[in-house]
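Good morning, colleagues. Please turn to the sequence and the structure on the screen.

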Amino acid sequence: MSDVGRQLTRRFNTPSFVIRLRMIRVHLTFIVIFYVTIFLAAVAVFWALEARRRHRAGRRALQFQIRCAICGLEFEDRSDVPLPSCPRCGRPNERVGLDRL
Ligand SMILES: [Zn+2]
């Protein structure tokens, strides 16, 4: 048995060949790069999910917003009326999302 084998056997109270079977030689650089990559991937996934949630919330908030084509007043109308009238000038307006104007 080699000197290192005797040290491992003494340290872990296990035969050295068992310890050698369990050990995988990995460079510290690889470990650091691996965990940094995993961390950055997790951050990217959370960032993408949050951006998608914010985008959908923004679209939902603008869903009932209407801008009058005559006076430019932005108002909210949650009714089922196809052409809601502007509260300021009374002109009927089409339902076009504000993000598409
Ligand atoms: Zn108007």
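I shall take the model's confidence, then its elements, then one residue.

This is a predicted model, in which local features need pLDDT of at least 70 and side-chain atom pairs count only at pLDDT 80 or more, while totals for chains, interfaces and linings use all residues. Residues are numbered from 1 along each chain as its sequence is written.

The pLDDT is the predictor's confidence in each residue, from 0 to 100. Its mean over the protein chain is 85, and 82% of the residues reach 70 or more.

The protein chain holds three helices and two strands, in the order α-α-α-β-β from the N terminus. Here helices (H or I, at least four residues) and strands (E, at least two) are DSSP runs, numbered from the N terminus.

Helix α3 covers residues 28-62.

Is α3 buried or in the open? A residue is buried if 20 or more other C-beta atoms, placed from the backbone, lie within 10 Å of its own, exposed if 12 or fewer, and partly exposed in between. The number of buried residues in α3 is zero, so the helix lies largely in the open. Of the 101 residues of the protein chain, 3% count as buried.

Finally, F75 lies in strand β2 (residues 74-76). F75 counts as partly exposed because it has 15 C-beta neighbours inside 10 Å.

Key
The expected span of a helix is 1.5 Å times one less than its number of residues.
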